[in-house]
Amino acid sequence: MKLKRLGDTYMPMIHNFVIENKSDVNEDVHTSYSWDRNGKLHKNGLKRDNHAHFDDNFISYIHDSLQWLGTRNPSTGEKSRGLNNYGITVIEDEQGLQRLHQILNAWIDLFSSAPDSIVLRGDLCIDDGDGKGYYEKLVYSKSDLITELKQLARLAVHAVEHGKCIVHFGI
């Protein structure tokens, strides 16, 4: 798992997704949330059924498919595609939310065929000593990964049905 340094401590690099009212999403949306040293998101009233989280390695793995999403950066107001890796992204229009649901269901279907321990190819790493490269091995519990993907897919459906949006907090 990738870690980022924050002062004298290291925090896991986690992408958090939450469901929000569209009217509550502006350039200051992040001020209603806090993160603990494990990268866990906190907000008064935030429950398990209205957020999902993934480590940065996994988001990098599915990055290309997430580029198909129409999104908005609430800090600049600019429309874009895909997730803002280091900031906030909003998926708010019905088409984007439905596409997110479709993409996630495709990954769920694919990973449903995997063994109980899913091993994916991560980033290319270069050994400083001999300059040889190798790929990181990303290992996930099939059950845990599919559970989290289904959770985010449910958030997308809920957002469409209730006129809400999904806010993504990058690393």
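Q151 touches R48, D49, N50, H51 and A52, when residues up to four places away in sequence are not counted (contact means heavy atoms within 4.5 Å). Q151 is found in helix α4, which covers residues 142-162. Helices (H or I, at least four residues) and strands (E, at least two) are DSSP runs, numbered from the N terminus. At 6% relative accessibility, Q151 counts as buried; buried means under 20% relative accessible area, exposed over 50% and partly exposed in between, with a 1.4 Å probe and protein chains only. The model is predicted, with local features needing pLDDT of at least 70 and side-chain atom pairs counting only at pLDDT 80 or more, while totals for chains, interfaces and linings use all residues. Residues are numbered from 1 along each chain as its sequence is written, and side-chain values use heavy atoms, with hydrogens and water left out.

The chain has four helices and twelve strands. Its radius of gyration is 17 Å, close to the 16 Å that the globule rule gives for 171 residues, so the chain is as compact as a globular protein of that length (the radius is taken over C-alpha atoms, and the rule is 2.2 Å times the number of residues to the power 0.38). Along its principal axes, the C-alpha trace spans about 55 × 40 × 30 Å. Of the 171 residues, 43% are buried. Among contacts between residues at least 6 apart in sequence, 64% join residues at least 24 apart.

N16 lies in strand β3, residues 14-21. With a relative accessible area of 2%, N16 is buried. Beyond four places in sequence, N16 touches W35, G39, L41, A52, H53, V167, H168 and F169.

The largest pocket holds about 270 Å³ of space. Twelve residues line this pocket, and the closest to its centre are H53, D55, Y140, D144 and L145. Two or more lining residues come from each of β6 (51-55), β11 (133-141) and α4. By class, the pocket lining has seven nonpolar, two polar and three charged residues. Ala, Val, Leu, Ile, Met, Phe, Trp, Tyr, Cys and Pro count as nonpolar, Asp, Glu, Lys and Arg as charged, and the others, Gly among them, as polar. On a 1 Å grid over the protein atoms alone, a pocket is an open set of points with protein on both sides within 12 Å along at least five of seven lines, whereas a cavity is a set where a 1.4 Å probe fits but cannot get out; lining residues have an atom within 4 Å of a point. Points are joined across faces, edges and corners, and a volume is the space filled by probe spheres set on them.

One cavity of 30 Å³ or more is counted. The largest cavity has a volume of about 40 Å³ and is lined by F17, F54, I59, I62, L66, L83, L100, L104, L149 and L152. This lining comprises ten nonpolar, no polar and no charged residues.

L104, one of the cavity-lining residues, is found in helix α3. Its relative accessible area is 1%, so L104 is buried. Leaving aside neighbours within four places in sequence, L104 is in contact with L149, L152 and A153. The C-alpha atoms of L104 and L69, 35 residues apart along the chain, are separated by 12 Å.
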